[in-house]
Amino acid sequence: MDFPWPSMQAHIQRYRDSAGADGHRLGDALQFLLLDSVGARTGQTRTVALLYRPWRGGFVVVASKGGRPDNPGWFHNLRQHPEVRLQVGAWQCNAVASELQGEAYAQVWALMAAIFPSFDTYRATVTRHIPILWLRPIGRNLPEDPASLVPGVALESTTVILRVRHIVQGAAATRDWAPLHHDSPWVHANTQLTDIILNTPSQTGWIHRYLTDRLGPLTRVTRLRQRMRTPLLAGDQVAIHGQVIRRHEDPVGITWLELTLTMACKRTDGDTIATEASAVVALPDTSSPWATADLQEPAQWLMP
Amino acid sequence: MDNESTLPQQVRDWLGQVVVVQSSGITVEKGAWENFCVAVEDANPLYWSEAAAEALGTELFAPPAQLSAWARPHPWSPFEGEEEAPRPLELHHRLKALLDYPLGIVREVECRFLVPLRAGDTLRAEQILTQVGPQYSNRLGTGRDWTITVNYRRADDVLVGQEINQLFGYRRTEPH
């Protein structure tokens, strides 16, 4: 297949100069990203343009080196330094690379060969194993590997000190002007509470944020049920915990999880569960849960 | 006497009906949803960066947890002068008044996020009284449980989300 760029360097330059407008896409099926890796021997940053496909919330690339007998230099770099910098279209992000094996490798090879059949030709002509790398963007943290999220697995917890700013800004952003959420003198005069409390949409927001931090930004929360046991007050140290209780592989290429969650706070009389919650979420696999506007969760999971 | 017959006629007429429709005239927009993201310190790039959203195969959208806010008006308008702040779940307050329960709490809320909201969308909220339970007493006082379902619809009538609120309205029991 002929590419419109005379060389890899020209491709990279035009990609950078145009913020991906020239170089990100080729036709309907092919997409390229720029990968900056740290040289395994030199320690210098090296950039390559690679064909990719979205997969499980990240991007997969094939270390084919155009069917040459040896692995590409960037593959050795990633083995030494898996932390990389990506440009995908106009977006730049940090990511972590890992090599796919087994079933995941076979699945992704088929997907990549479907968009670029030359990969099968390369494989037929080389004796080496052609590696596939999964590049996972890092946000606040590296999200969990979706394959590891089976019933019983606990997500890493998050802790936050709930400030007056969080409560008041959350109330303002949701236009909830009940005095409980911003007026401390009113709260002291009219209730037995010791301070202003977090409103319900903000609690939903904190739980939602926890889920997308832990499971990845493409995680789509379709249902979230919260049972409030005691209010969350300004000054509370709040820990959010989550655990997977059900998993369902959807034939459309996404994975469904059901999780239980708690928001717990430390009080003078010990740890208190302030809110119990359950959530149903869709995770990207070979497809994105955002590919359709109205996503239908598995019928057997819908509540009566 | 069954539960329903102990309810005022007005409340019985409301059961299963859309009683309150709230629309704010507020348009979904990025500056407003960024305030919410800041409040909950949400760095999800799908709310912040068009470039990230495109790279990840979607479009920029509003944080789903902010759904109810888009149907809630500002507490002041330059056209009508200062007014009392609109109440977030108006039907809940009307029920409390009708049943003579001055206090109320949210016990449980279930949100269903059906369709993502994009910049430019406008919403209305249809508040439906789904169920009212019998009066009983607990440590808070004497009152009733009720359920209010809120359907959030875009201007083109598409149902974009639902909120099922389990509430308890009550009056304090006087100490003996």
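Student: Before we dig in, what do I need to know about the numbering and the cut-offs on confidence?

Tutor: Residues are numbered from 1 along each chain as its sequence is written, and chains are lettered from A, ligands numbered from 1, in the order in which they are written. Side-chain values use heavy atoms, with hydrogens and water left out, while in this predicted model local features need pLDDT of at least 70, side-chain atom pairs count only at pLDDT 80 or more, and totals for chains, interfaces and linings use all residues.

Student: How much area do chain B and chain A bury between them?

Tutor: The size of an interface is often given as the accessible area lost when the parts come together. Here that buried area is what the two parts lose on being put together, with a 1.4 Å probe and summed over both. Of it, 56% lies on carbon and sulfur atoms, and the total is about 3900 Å².

Student: Which residues of chain B lose the most area to chain A?

Tutor: Contact means heavy atoms within 4.5 Å, and it takes 44 residues from chain B and 42 residues from chain A. Three residues of chain B lose the most area, together 15% of what that side buries: Glu41(B), Leu56(B) and Phe113(B).

Student: How many residue pairs are in polar contact across the interface, and which element gives the largest share of chain B's side?

Tutor: A polar contact is a pair of N or O atoms within 3.5 Å; within protein, one must be able to donate a hydrogen and the other to accept it, and residues adjacent in sequence count only if both atoms are side-chain atoms. The rule finds 19 such residue pairs, both at pLDDT 80 or more. Helices (H or I, at least four residues) and strands (E, at least two) are DSSP runs, numbered from the N terminus, and those giving two or more residues to chain B's side include helix H2 (30-39) and strand S4 (103-113). The largest share, 8 residues, comes from S4(B).

Student: Which residue in S4(B) is the bridge partner of Arg227(A)?

Tutor: Two strands pair if DSSP finds at least two bridges between them. Strand S9 (residues 220-228) of chain A and S4(B) run antiparallel, joined by 5 bridges. In S4(B), the partner of Arg227(A) is Glu108(B).

Student: What is the N to O distance in the salt bridge of Glu108(B) and Arg227(A)?

Tutor: Side chains of opposite charge can pair when their charged atoms come close. A network of salt bridges links Arg225(A), Arg227(A), Glu108(B), Glu110(B) and Arg112(B). For Glu108(B) and Arg227(A), the N to O distance is 2.8 Å.

Student: Is Glu110(B) buried or exposed?

Tutor: Glu110(B) also meets Arg112(B) in a salt bridge, at 3.0 Å from N to O. Buried means under 20% relative accessible area, exposed over 50%, and partly exposed in between, with a 1.4 Å probe and protein chains only. At 4% relative accessibility, Glu110(B) is buried.

Student: And in the salt bridge of Asp156(B) with Arg154(B), which residue is buried?

Tutor: The closest N and O atoms of this pair are 3.0 Å apart. Asp156(B) is partly exposed, because its relative accessibility is 48%. At a relative accessible area of 19%, the buried residue is Arg154(B).

Terms used
Salt bridge = Lys/Arg side-chain N within 4 Å of Asp/Glu carboxyl O.
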